[in-house]
Amino acid sequence: MPVQRVSRMAVFTTSLALTMAVLDSSIANLALPSIARDLAVSASDVVWVVNAYQLSILILLLPFGSLGEILGYKTVYRFGLLLFTLASIGCAFAPTLAWLAIARAVQGVGAAGIMSVNSGLLRFIYPPSKLGQGIGINGMVVALSSAVGPSIAAGLLAIGPWPLLFLVNIPLGLTAFFLGAKTLPISPHSGQRFDFASAGLSAVLFALGVASIDVGGRGAAGWLVALMVGGAAGAALLLVRRQRDRKAPLLPVDLLRIPLFRLSIMSSICAFSGMTLAMVALPFLLERGHGFSTSVTGLLITAWPVPLAIAAPLAGRLSDRHSAGLLGSIGMAMLCVGLIAVATMPATAGAVGIALRLAMCGFGFGLFQTPNNRAMITSAPKERSGGAGGMLATARLLGNAAGAAGAAVALAAGQRGPMLAVSAGAVLAAVAAGVSATRIGRT
C-alpha cells in the first residue's frame with residue numbers, strides 16, 4: 001500500500017476514534033433527564049453518568065501515556081478503542097444507575113487510552129514539517145465533535161431511547177479498531193518497567209484534587225475540602241519524589257524542566273479554565289440576562305466552536321512556520337477581548353452582535369490551541385511523546401475542572417454571577433496571553 005495512502009488512513013482512524021471519545025463527553029449530557037426518568041433516580045445522582053467518565057479519563061491519562069512508551073502507542077490506542085467499544089455495550093444495556101456509572105467509568109478508561117497517546121501517534125504519522133497541520137486537524141476534529149454533539153444527541157433521541165447514544169459506538173469503534181491494525185504506525189518501545197506505585201499515587205492525586213474542587217464548589221464543610229486538598233498535596237509530593245530521578249517518569253517531571261514545555265502547560269491550563277468559565281456561564285447569561293429561548297441560545301453558542309474548527313487547521317499550518325508564543329498570545333488576546341465584549345454587552349444586544357462576539361472568542365481559542373499543542377509535543381524528545389501527550393490532555397482536563405468549579409462559585413452570586421464568570425474567564429485569557437508571550441523566540 002502506498003505510503004501516502006497509509007498516512008491518510010491513519011489520519012482517518014485516529015480522527016474517528018477521537019471523535020467517539022469527545023462526543024461521548026457531551027452527548028450523554030443531553031440524555032441525563034431521560035436516563036433519570038427511565039432509571040427512576042434523582043437529577044443530582046444521574047450526574048454520575050458524566051462524572052464517572054470524566055474522572056476515569058483524568059486519573060488514567062498519565063499512566064496510559066507511560067504505558068504507550070513502554071508497549072508502543074499503537075498497542076495502547078487499540079486497547080483503548082476495544083475497551084471503549086465493549087463498555088458502550090454495557091452502557092446501552094444498563095438496568096440500574098450503578099451499572100451505568102460503572103460502565104461509563106470503564107468507557108472512560110478506554111477513552112483515556114485513546115486520548116493519552118493520540119498526540120504521540122501524530123509524530124509518527126506526519127513528517128516534522130507537517131506536524132502542525134496534523135495537530136490542527138486534530139483540533140478541528142475535537143471542535144467539530146463538541147459543536148455537533150448536542151445536535152447528534154437530539155437527533156438520536158428523537159428516533160429512539162437513550163441507549164441508542166451508546167449503541168452507535170459499536171460499529172464505529174470496531175471499524176477504527178480493525179483499521180488501526182493495518183494503518184497505525186509502529187513506535188519504539190522504551191524497555192522500561194511500568195511503575196504501579198506511581199500510577200496509584202497519580203490516581204489519588206487527581207481523584208482527590210478533582211473531588212476537592214467539586215465539593216468545594218457545592219459548599220461542603222471547610223475541613224472536608226482541606227482534608228482532600230491535603231491528601232492530594234501529599235500524594236503529589238510523594239509522586240514527585242519518586243519520579244525525580246527516573247529516566248522515563250510517569251509524571252513527566254523531566255519534561256517540566258524544559259522551559260517551552262512548562263510554559264505551554266501553564267498557558268493551556270489558564271486558557272481552558274477561562275474558556276470553561278465562559279462556556280458554563282453563557283447559557284445563563286443569554287437566557288436570564290437577554291431573554292433568549294433555550295433553542296436560540298444553543299444556536300448562538302454554536303458561533304463559538306465553528307470558528308474554532310476553522311481556525312485550528314489554519315493555525316496548524318502557521319505553527320509550522322511561526323512561533324507558538326506569537327500565535328498563542330494573539331489568540332488569547334482575541335479571546336480576552338471577545339469575553340470582555342460579551343461581559344459588557346447591553347441587554348438590548350441582538351443575536352448577530354452576540355454571535356460575532358462569540359465567533360471572536362472561538363477563532364482566538366483556535367489560533368492558540370493548535371500552536372500550543374504543537375509546542376508541547378515537539379519540545380519533548382520523540383521517545384517521550386507519550387508522556388507529553390498525556391500531560392497535554394491532563395492540562396486540558398484540569399483547566400476544564402477548575403473552570404467549571406469557578407463557574408459554580410460565580411453563579412452562586414446570583415443575577416451578576418454569569419457576568420462575573422465571563423469576566424473571570426477574560427482575566428484568565430489575559431494571563432494565558434502573557435504566559436504565551438514569554439515563549440516568543442523559544443524553541
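At what angle do the axes of helix α3 and helix α4 cross? In this predicted model, the axes of helix α3 (residues 48-71) and helix α4 (residues 73-92) come within 8 Å and cross at roughly 150 degrees. Local features need pLDDT of at least 70 in this predicted model and side-chain atom pairs count only at pLDDT 80 or more, while totals for chains, interfaces and linings use all residues. Residues are numbered from 1 along each chain as its sequence is written, and side-chain values use heavy atoms, with hydrogens and water left out.

**Helix α3 with α4**

- The crossing angle makes α3 roughly antiparallel to α4, a term for angles over 145 degrees, where angles run from 0 to 180 degrees between N-to-C directions.
- In this pair, Tyr-53, Phe-64, Leu-67, Gly-68, Glu-69 and Leu-71 of α3 meet Tyr-73, Thr-75, Val-76, Phe-79 and Phe-84 of α4, contact being heavy atoms within 4.5 Å.
- The residues of this contact divide into eight nonpolar, two polar and one charged, where Ala, Val, Leu, Ile, Met, Phe, Trp, Tyr, Cys and Pro count as nonpolar, Asp, Glu, Lys and Arg as charged, and the others, Gly among them, as polar.

**Helix α3 with α17**

- The axes of α3 and helix α17 (residues 385-411) come within 7 Å and cross at roughly 165 degrees, and the two helices are therefore roughly antiparallel to each other.
- The crossing of α3 and α17 is left-handed, which means that the near helix is turned anticlockwise from the far one by less than a right angle.
- Residues of α3 in this contact include Gln-54, Ile-57 and Glu-69, and those of α17 include Ser-385, Gly-390 and Leu-397.
- By class, the contact of α3 with α17 has seven nonpolar, seven polar and one charged.

**Helix α12 with α18**

- The axes of helix α12 (residues 259-289) and helix α18 (residues 417-437) come within 8 Å and cross at roughly 160 degrees, which makes α12 roughly antiparallel to α18.
- This crossing of α12 and α18 is also left-handed, and among the residues in the contact are Leu-263, Gly-274 and Leu-285 of α12 and Pro-418, Gly-425 and Ser-436 of α18.
- The contact of α12 with α18 has 18 nonpolar, five polar and no charged residues.

**The second largest pocket**

- Of the 16 residues that line the second largest pocket, the closest to its centre are Leu-285, Gly-289, Gln-415, Pro-418 and Met-419.
- The elements that give two or more residues to this lining are α12, α15 (324-343) and α18, and the largest share, four residues, comes from α12.
- The lining of the second largest pocket has 10 nonpolar, four polar and two charged residues.

How values were computed
Angles under 35 degrees count as roughly parallel, over 145 as roughly antiparallel, 65 to 115 as roughly perpendicular and the rest as oblique. On a 1 Å grid over the protein atoms alone, a cavity is a set of points where a 1.4 Å probe fits but cannot get out, and a pocket is an open set with protein on both sides within 12 Å along at least five of seven lines; lining residues have an atom within 4 Å of a point.
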